[in-house]
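Here are a few friendly notes to read alongside the picture. Take them one point at a time, and find each named residue as you go.

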Amino acid sequence: MKEYKLTKELLNSLREIDGFPLGRDEDIVALSDPPHYTACPNPWIEEFIREHGKLYDEENDDYKREPLAADITEGKNDPIYNAHSYHTKVPYKAIMRYILHYTVPGDIVFDGFCGTGMTGVAAQMCGDRETVESLGYRVDDEGNIYNENGEKISKLGVRYAILNDLSPAATFIAYNYNTPVDVEEFEREAKRILEEVETECEWMYETRHVIDGKVQIKREVDGTEKPIMGKINYVVWSDVFVCPSCQKEFVFWDVAVDKEAGKVLDEFNCPHCNALLKKKDVERAWVTKYDKDIGKTIKQAKQVPVLINYTVEENGKKKRYEKAPDEYDLELLKKIEEMDIPYWYPTDPMMFKGEKWGDTWRAGVHFGITHVHHFYTKRNLWVLAAFWKRINEVERYDLMFLFTSLLIRSSKQSRFLAKNYFQGGGGWVGTSLSGTLFIPSLNIEVSPIFTFNNRMKITINHFETNSKVHALISTQSAHHMPQIPSNSIDYIFTDPPFGGNLMYSELNFLWEAWLRVFTNNEPEAVINSTQGKGLLEYQRLMEACFKEFYRVLKPGRWMTVEFHNSQNSVWNAIQEALQRAGFVIADVRILDKKQGTFKQVTSTSAVKKDLIISAYKPSAKFERTFAEHAETEKGVWEFIEQHLEKLPMPTIKDGKIEVIAERQKYLLYDRMVAYYIQHGFRVPISAAEFYRGLDERFSERDGMYFLPHQVVKYDALRVKSEGIIQLTLSIKDEKAAILWLRNFLKDGPKEYSEIYPEFVKNLHQERHEKMPELKVLLEENFLQDENGRWYIPDPNNEADLERIRRKRLLKEFNEYVATKGKLKYFRTEAIRVGFEEAWKNRYYETIVKVAERLPERVLQEDPALLMFYDNAVSLVDEKPKQMKLVD
Ligand SMILES: C[S@@+](CC[C@H](N)C(=O)[O-])C[C@H]1O[C@@H](n2cnc3c(N)ncnc32)[C@H](O)[C@@H]1O
């Protein structure tokens, strides 16, 4: 059998690859399990693809799929999903629907931002009949899979996965999620280690059994009396503050926790001077102590134990009690504090910096929390170190996985949930606010022995359902994956980092410190001020990653990007990055969590939710010929033909047909223009010519365009339906206003008095938008019949109108060009049309100059403007020309 080894030479050559993690060779080797997992760039990816993949064969390739949007939250209660936490996760069951739709058994699926590797689990589970059936699909004896409507959608069978993440903690978790384990052996070893650690460390979690202030005594056989000792389950710790009025210290727990109501009060009284206080008004109390690990005296926020929950065995039965810490408990803590932990544990300065380590650092909370070990109480750190030593001795990944799954729970980040605790109902241990390294004012020290025992059961449950390895895992930056051959991947599902929401490299540092291999955050795709990365840097990194995804994906294949949107500018950056990389976006949907359905997102609507983006890589033939035909109309129609083929077909919902926005002429025009601009070409036809050509070449139905074979299907669907559901559009700018009016006038001419009230109702105009009056909008884009009613012009008239309108808009644009200073109030349509014209004439500098005078937010949030600007910036040196004024 071939031996796979990460030799020194091999590691040296792999160091050339971007995102090679930070760590010593021996630690990288120790963490890796070649060939399936390497805690560095994986040199065996190509071999894996050669062995399992199918070469792309352009001649005989008949791959065809429509884009799919399925619920991405399905399966959050699954034991596998819950075996190890991560800052965000897409449940593997949700991903399975995508993989089943887009691939066939044996295909290769890739996720370049894999996090915990759920894409890999999903790919493998596509071969598991029971799991596939749990999605509501039927599987017949031949392994054919049918959906709820009885349509055959896929075939049962494992798909192979290539997974990658920049973070070694992430890939380590992903590896374990994707690897089979000998459950019996795991259980045996886990229990042995638990017993050993318990025997060695249980004294640290002993407390005297006290009832009504009285220490309970037991009489031994020899007649001597001894206090009854209980086993600590957890200890609640509280911040100590200083009253700004009387300067005396008080314990937050004593004054702010209303035990009856189960509430932490916003306002409380100083126990010394009775002053009414709020948390934000009080000072912290501090302790200074010598930290042997770093050889320094440190000053930290003072926290004291306030409540102990423990178990006592009485007549063979376990019973839980609670008490306030007494002298014995405090003495015990003091004793532990003075002793040395006999094992290795991480003492790295946070982010290798210590004080003010990054964007997750918070003044007040994190003063004096400068090193990894400061996140644990001494005794929890001791027990963790004792577990880690034994786990490393047996070199078992499954146990290491169990260990990392307890780290957050065992740290000071564990939050005490007063409400749940005092009002019963369980669930009193919460993790820290997700996505932060926050240490709560009331935190809970849960013994790792207790947590190990609990999580061991969860882990066994997870491993039992886990089958074989069909995945290969690599640790590097997704923007540079030279080990993956071009055109070799059948499908990509990915959930990229979203802007500045989560600082993965900072959050993962606490795991990575134990693993001794760290994220190299130089190429981390994130908005992070400590790293000096803003929106632009994030977009550039995402673009580089998507370029790599584009290269490795087979032509004509799909990529699904799950994206949690919190800011429109970040969503725009992603869209722009995708398009600049060469992908064509065919469908964008948001999940309506309440209804469990999907809504289409058009470029005109703003969203702050989970988005499912379906993008494809154009066919090889198209790519080849586009460059030749791009400058002529031919290129335009070839693009549209391919795009229509890839767009989703309308479906019937509640008896009615849902209009597909992307099939409407304006969006088709936008996509075509975007493709041209992103490829550095001039658009060879005007909008009016485009609309006319569209009508001549393709079939129009209900405002949507179809290819001949599609229109036959659509007509059949139309017969079965009871009508059309129009998209609801909010009118935030002129472009949206025109779209809205077209929809509104679709069913026939309307009076101004009918249009006006509805128009106003839907108007949510942006502040900067110099929107023309409704009258002007109607005059510029529509015609009036003999009764004065407004209607949609036929294509010929429309082309004339469009020409006149563009001329007017260009005139307005030229006025902007002629002025100086920031543009605060303007007609966005004029800027768009002006940019289009400037692009056509290669006046890149004009685009850049005007764009830089727009409010930054407008530029970042308008996909068309951003696209022109981004592309013009990179070309400005090529053709330094100013736009000459056109009349
Ligand atoms: C939203 S998470 C993925 C979570 C994953 N879907 C799951 O279910 O666990 C995004 C991931 O991107 C990773 N990341 C950030 N920049 C990266 C880069 N340049 N290359 C590869 N991964 C990167 C982060 O470490 C993080 O794990």
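**Notes on the ligand and its surroundings**

1. Let's start with the ligand, which sits in the largest cavity. Please keep in mind that this is a predicted model.

2. Which residues are closest to the ligand? Its surroundings are made up of 24 residues, and the closest are Tyr86, Thr116, Asp165, Asp495 and Pro523. By type, this shell splits into twelve nonpolar residues, eight polar ones and four charged ones.

3. Now look at some individual atom pairs. The side chain of Asp165 has an N or O atom 2.7 Å from an oxygen atom of the ligand. With Val90 the backbone is involved instead: one of its N or O atoms is 3.0 Å from a ligand oxygen. Pro523 also uses a backbone N or O atom, which lies 2.9 Å from a nitrogen atom of the ligand. How much of the ligand does the protein bury? On its own, the ligand would expose 600 Å², and 99% of that is buried by the protein.

4. Next, the salt bridges, of which the structure holds 61. As background, side chains with opposite charges can pair when their charged atoms come close. One of these bridges joins the side chains of Arg589 and Asp587, with 2.9 Å from N to O. Another links Arg697 to Glu633, where the closest N and O atoms are 3.7 Å apart.

5. Are Arg589 and Asp587 buried or exposed? A residue counts as buried when its relative accessible area is under 20%. Arg589 has a relative accessibility of 10%, so it is buried. Asp587 has a relative accessible area of 3%, so it is buried too.

Definitions and conventions: Residues are numbered from 1 along each chain as its sequence is written. This is a predicted model: local features need pLDDT of at least 70, side-chain atom pairs count only at pLDDT 80 or more; totals for chains, interfaces and linings use all residues. Side-chain values use heavy atoms; hydrogens and water are left out. A residue is near a molecule or strand if one of its heavy atoms lies within 4 Å of it. A polar contact is a pair of N or O atoms within 3.5 Å; within protein, one must be able to donate a hydrogen and the other to accept it, and residues adjacent in sequence count only if both atoms are side-chain atoms. Accessible areas come from the Shrake-Rupley method with a 1.4 Å probe; for residues, only the protein chains shown count as cover. On a 1 Å grid over the protein atoms alone, a cavity is a set of points where a 1.4 Å probe fits but cannot get out, and a pocket is an open set with protein on both sides within 12 Å along at least five of seven lines; lining residues have an atom within 4 Å of a point. A molecule sits in a cavity or pocket if more than half of its atoms lie within 2 Å of its grid points. Ala, Val, Leu, Ile, Met, Phe, Trp, Tyr, Cys and Pro count as nonpolar, Asp, Glu, Lys and Arg as charged, and the others, Gly among them, as polar. A salt bridge is a side-chain nitrogen of Lys or Arg within 4 Å of a carboxyl oxygen of Asp or Glu. Buried means under 20% relative accessible area, exposed over 50%, partly exposed in between (1.4 Å probe, protein chains only).
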